[in-house]
Amino acid sequence: MPDTSNRIASPNFRPGRAPGFAPDSIVLHRSGGARASLRMRFGSPASSLSAHYLVARDGTIDPCVAETDTSFHAGVAAQSSWSLLRPGVNPNFHTIGIELEGFAIDDWPASQTAATASLVEAIALRWRIPLDGAHVVPHSAIRPSSGCPAPTCPIGAIIAAARAAREGINQQPTVVRTTTRANLRIGSPSLDAPIA
């Protein structure tokens with residue numbers, strides 16, 4: 001879980017999730033703006049916008065809304081190409097939104113891409129979300145008119161790095177060490193049996 005010392009106290013969320021819903025997908029955004037302006041936008045009740053996380057270009061991760069709550073990031077689906085869209089259901093009810101600092105014309109710094117991949121992997125692990133292109137999607141898959149997070153967003157690289165991190169975790173060898181001396185006894189288990 002990211003450090004919460006830089007949490008944005010966004011008022012723009014619905015406590016909890018709609019009944020029967022839990023996060024099953026992650027939506028990436030780049031709506032445009034520097035970290036400071038995005039923090040102000042998410043912190044203002046007038047904007048009615050938020051995301052669960054903001055990832056800065058330098059890799060800093062700002063938590064905005066708890067994952068168990070519904071943030072206002074995906075909006076209403078319109079002409080969606082997303083295969084997991086549920087007709088008549090607000091996508092915010094079952095997704096986690098990640099806002100990426102920057103503008104559509106900006107590049108994608110390695111620090112931001114790596115931090116996003118790490119965050120995606122951690123969220124996917126907590127909620128058992130598959131790390132694939134159907135479950136980690138650009139906002140434009142839900143609402144093409146948004147153009148968000150830009151066609152240049154390295155979603156494939158983010159998913160691949162998140163998978164690599166997951167496989168690294170799963171391949172860690174298990175080592176068991178005995179730190180106390182054990183006495184093996186001959187015969188039936190008894191304190192009176194001689195030590196081998």
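The structure is a predicted model, in which local features need pLDDT of at least 70, side-chain atom pairs count only at pLDDT 80 or more, and totals for chains, interfaces and linings use all residues. Residues are numbered from 1 along each chain as its sequence is written, and side-chain values use heavy atoms, with hydrogens and water left out.

**The overall fold**

Let's start with the big picture. Along the sequence, the elements follow the pattern β-β-α-β-β-β-β-α-β-α. Of the 196 residues in the protein, 40% are buried (buried means under 20% relative accessible area, exposed over 50%, and partly exposed in between, with a 1.4 Å probe and protein chains only). Contact means heavy atoms within 4.5 Å. Among contacts between residues at least 6 apart in sequence, 72% join residues at least 24 apart.

**The nonpolar cores**

In soluble globular proteins, nonpolar side chains tend to be buried together. A nonpolar core is a set of buried Ala, Val, Leu, Ile, Met, Phe, Trp, Tyr and Cys residues joined through side-chain atoms within 4.5 Å. The largest one here has 24 residues, and Leu28, Ile98, Val120 and Ile123 have the most contacts inside it. Two or more residues each come from strand E2 (25-29), strand E3 (53-55), strand E6 (95-100), helix H2 (110-127) and helix H3 (155-170). H2 gives the largest share of this core, six residues.

What does isoleucine 98 touch, not counting residues up to four places away in sequence? Its partners are Ile26, Val27, Leu28, His29, Tyr53, Val55, Leu119, Val120 and Ile123. Another core, of seven residues, lies apart and has Ile8, Ala51, Cys64 and Val65 among its members.

**Residues in the loops**

| Residue | Phi | Relative accessibility |
|---|---|---|
| Glutamine 79 | near 55° | 76%, exposed |
| Alanine 150 | near 105° | 10%, buried |

Glutamine 79 sits in the loop between strand E5 (70-71) and E6, while alanine 150 is in the loop between E7 and H3. Proline 149 is also placed in the loop between strand E7 (136-138) and H3. The peptide bond leading from cysteine 148 to proline 149 is cis, with omega near 5°.

Asparagine 92 belongs to the loop between E5 and E6. Is asparagine 92 buried or exposed? With 5% relative accessibility, asparagine 92 counts as buried. Leaving aside neighbours within four places in sequence, asparagine 92 is in contact with Arg17, Thr70, Ser71, Phe72, His73, Ala74 and Gly75.

**The largest pocket**

A pocket is found on a 1 Å grid over the protein atoms alone, as an open set of points where a 1.4 Å probe fits, with protein on both sides within 12 Å along at least five of seven lines; lining residues have an atom within 4 Å of a point. The largest pocket is lined by 14 residues, of which His29, Ser31, Leu49, Phe72 and His73 lie nearest its centre.

Terms used. Helix = DSSP H or I, 4+ residues; strand = E, 2+ residues; numbered from the N terminus.
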